[in-house]
Structures are given as C-alpha cells and as structure tokens.
Amino acid sequence: MKATHILVGALAALPVLVSCTASSPAPKADGHVDEPLSVTTTAPPSLFPRPREMPLDGVAPCTLLSEEQRGELSLDNPPNEYVETALAGARACSLRSNLSGNVLRLALVTGESVLLWLDDYAQVEVETVEVVGFPALVVRTPGVEDVCNVEVDVAEGQFLDVMFRDGGNSTALTQDVLCQGARRAAEAAVAGLLQRK
C-alpha cells in the first residue's frame, strides 16, 4: 500500500519535472547552450511621509528665492519665468550665474506626483534624501553628467523640481558638485515656501 502511494506521488510530480526541464535552453548548432539570464530585482526607494502639505498652487516660481539667497548661490542674473512643457506645463524660473556659468531651474509641478521618478520608465538613478524635513529624490540621468535634479515632495500630486547644471564653466564641474548645488538650492527654495505658508 505504501509503495502504491509513493508511486502515485512520483507520477504526480513527473509532469512538473517534465515541464521544468522542457523550458531549458536548446543547444545551438555548435553544441553550446545559452545559460538563462539571472533576474535581479531591486525595490524602488520609498519616501517617508511629508511633515505637512505645502501646495504650490498660486506660487510664482521666481519669488521662491530672495535676492539674498540668490546671492548666496552666486546667481547674479535676473530671474526668467516661463512654462516648462517637459514637466506637464509647470511654471518655472531660470537663474544663471555670470560668475560661474551655473544655471538653476525651479519648476512648480502641480499635475504630477514625485513618484513618477521612481517608475521604471524614468530610467534614472535615484537617491532618497531629506530637504528641510520634506522627502526628496536626487535624480541623475545615466550618460548626462552636466546636470543634477532634486525633486521635493511638497504636497499630494505636486513636487518642486530643482535642476542645477553646468552652463559653461571653464573647468567642468563633477556631477557630485552639481548635486550639492541642487540640494542647496532646494533647501533655500523650500525655506522660501515655508516662510509664505
């Protein structure tokens, strides 16, 4: 009786074994067999909760940084407001430095969540950081070394985009230095937002 149960159990497992071996790679004409590719998955970074909601509706982007803050960031050209079509029509402000050649862009994205940067389709490298108590992402685009973005999660479905790029320095800045500049600018902009709320 026990032998019958063992045989039935073995026969029941046989289709599973056959189906597992049937999917192994077939030999090529030269006799070699391709090894199956290993699949590794990494969980996207998660954001900690916002300390409060700080909506961007009705905020003028070029008013986020005071004249003193712009001076501290060496942004000595007058700010230029425009609409950034690449970011869902966000209101944006561009500031340039004559001293260094660096360029800063602040964009108030009110029609998208910051989580779009964590999507596989974004194809970027992301690091989770904190900016004045708010969750934020440092975003680097592979192959693009002259720019760094910091995306600050300020409200549900809204984020502050801070882009810092090398606008023609005599000696090119490293991306690490650009990311430091983006974080400093993000901290100043969030501080400016907090003062008005």
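These exercises walk through a few residues and elements of the structure above.

This is a predicted model, in which local features need pLDDT of at least 70, side-chain atom pairs count only at pLDDT 80 or more, and totals for chains, interfaces and linings use all residues. Residues are numbered from 1 along each chain as its sequence is written, and side-chain values use heavy atoms, with hydrogens and water left out.

**Exercise 1. Describe the surroundings of Arg70.**

Step 1. Arg70 lies in helix H2, residues 67–72. Helices here are DSSP runs of H or I with at least four residues, strands are runs of E with at least two, and numbering starts at the N terminus.

Step 2. Arg70 is buried, yet has no salt bridge. Buried means under 20% relative accessible area, exposed means over 50%, and partly exposed is in between (1.4 Å probe, protein chains only). A salt bridge needs a side-chain nitrogen of Lys or Arg within 4 Å of a carboxyl oxygen of Asp or Glu. The nearest side chain of opposite charge, Glu67, is 4.8 Å away. Lys and Arg count as positive, Asp and Glu as negative; His and the chain ends are not counted.

Step 3. Look at the backbone. The Arg70 side chain reaches the backbone oxygen of Leu65 at 3.2 Å.

Step 4. List the neighbours. Not counting residues up to four places away in sequence, Arg70 touches Cys62, Leu65, Leu75, Pro79 and Leu95. Contact means heavy atoms within 4.5 Å.

**Exercise 2. Is Phe48 partly exposed or buried?**

Step 1. Phe48 sits in the loop between helix H1 (2–22) and H2.

Step 2. Phe48 counts as partly exposed because its relative accessibility is 31%.

Step 3. Leaving aside neighbours within four places in sequence, Phe48 contacts Val129, Glu130, Gly133, Phe134 and Pro135.

**Exercise 3. Which element gives the largest share of the largest nonpolar core?**

Step 1. The largest nonpolar core has 35 residues. Such a core is a set of buried Ala, Val, Leu, Ile, Met, Phe, Trp, Tyr and Cys residues joined through side-chain atoms within 4.5 Å.

Step 2. The elements giving two or more residues include strand E6 (147–155) and helix H3 (175–196).

Step 3. H3 gives the largest share, 9 residues.

**Exercise 4. How do E4 and E5 pair?**

Step 1. E4 and E5 pair in the antiparallel sense over 7 bridges. Pairing requires at least two bridges found by DSSP.

Step 2. Glu125 has Arg140 in E5 as its bridge partner.

Step 3. The two strands form a hairpin with 2 residues between them. Val132 in the turn has a positive phi of about 50 degrees.

Note on methods
A polar contact is a pair of N or O atoms within 3.5 Å; within protein, one must be able to donate a hydrogen and the other to accept it, and residues adjacent in sequence count only if both atoms are side-chain atoms.
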